Amino acid sequence: MAGHAPNLLAARRRRARHYAMQALYQWYMAGAALNVIEAEFRSDYDFDKVDGDYFHALLHGVAADADGLDGAYAPLLDRALDDLDPIEHTLLRMGTWELRERIDVPYKVVINEAVALAKKFGATDGHKYINGVLDKLARELRKVEVGAGA
């Protein structure tokens, strides 16, 4: 039973990322107000098994610094930002935000979660691209953690 609580938190955060990706995609594509999007998601979906605080932090954190996040990973791209698939763009922003702002989350978890969402929602090989970019970024933003082989 000791391992149950971390697994429950991981599952709640996985759902938070899932909804945050969809909400940020909607914000990116339609430009609707974040508070309206968040309210819609919280009323349309069962948030009992979602880390609502993490959803809120991701949604607002990514949107508040979208340009700064883009600037962090853009040098690692092999194409222009405008050429990114909207799902890939959203996931790179989310992954970058988590790597930069949530050092409590292991970098491997951040990358694996972004890759899983890319497999579910993105283009055929988009997950490989997400993995490559976030892996390079983790070496910059999480040097100590990556170097320790954590």
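Glu88 touches Arg79, Ala123, Gly126, Tyr129 and Ile130, leaving out residues up to four places away in sequence; contact means heavy atoms within 4.5 Å. The model is predicted: local features need pLDDT of at least 70, side-chain atom pairs count only at pLDDT 80 or more, and totals for chains, interfaces and linings use all residues. Residues are numbered from 1 along each chain as its sequence is written, and side-chain values use heavy atoms, with hydrogens and water left out.

- Glu88 lies in helix 5 (residues 86-101). Helices are DSSP runs of H or I with at least four residues, numbered from the N terminus.
- Glu88 is buried, at a relative accessible area of 7%. Buried means under 20% relative accessible area (1.4 Å probe, protein chains only).
- Arg17 sits in helix 1 (residues 4-30).
- Arg17 is buried too, with a relative accessible area of 3%.
- Neighbours within four places in sequence aside, Arg17 is in contact with Tyr54, Leu58, Met94, Glu98, Val105, Val109, Glu113 and Leu117.

**Helix 2 against helix 3**

- Helix 2 (residues 34-44) and helix 3 (residues 52-64) pack at an angle of about 155 degrees, and their axes are 11 Å apart. Axes are lines fitted to C-alpha atoms, for helices over the stretch in contact, and angles run from 0 to 180 degrees between N-to-C directions.
- Helix 2 is therefore roughly antiparallel to helix 3. That term covers angles over 145 degrees, while 65 to 115 counts as roughly perpendicular.
- On the helix 2 side, Leu34, Glu38, Phe41 and Arg42 make the contact. Helix 3 brings Gly52, Asp53, Phe55, His56, Leu59, His60 and Ala63.
- These contact residues divide into 5 nonpolar, 3 polar and 3 charged. Ala, Val, Leu, Ile, Met, Phe, Trp, Tyr, Cys and Pro count as nonpolar, Asp, Glu, Lys and Arg as charged, and the others, Gly among them, as polar.

**Helix 3 against helix 5**

- Helix 3 and helix 5 pack at an angle of about 110 degrees, with axes 10 Å apart.
- That angle makes helix 3 roughly perpendicular to helix 5.
- Tyr54, Ala57, Leu58, Gly61 and Val62 of helix 3 meet Arg93, Met94, Trp97 and Glu98 of helix 5.
- By class, this contact has 6 nonpolar, 1 polar and 2 charged residues.

**The buried side of helix 4**

- In helix 4 (residues 66-73), Ala66, Leu69, Asp70 and Tyr73 are buried.
- They cover an arc of only 100 degrees around the axis, so they lie on the same side of helix 4. The arc is that of the directions from the helix axis to the C-beta atoms.

Conventions
Helix = DSSP H or I, 4+ residues; strand = E, 2+ residues; numbered from the N terminus. Buried < 20%, exposed > 50% of the residue type's maximum accessible area, 1.4 Å probe, protein only. Parallel < 35°, antiparallel > 145°, perpendicular 65-115°, else oblique.
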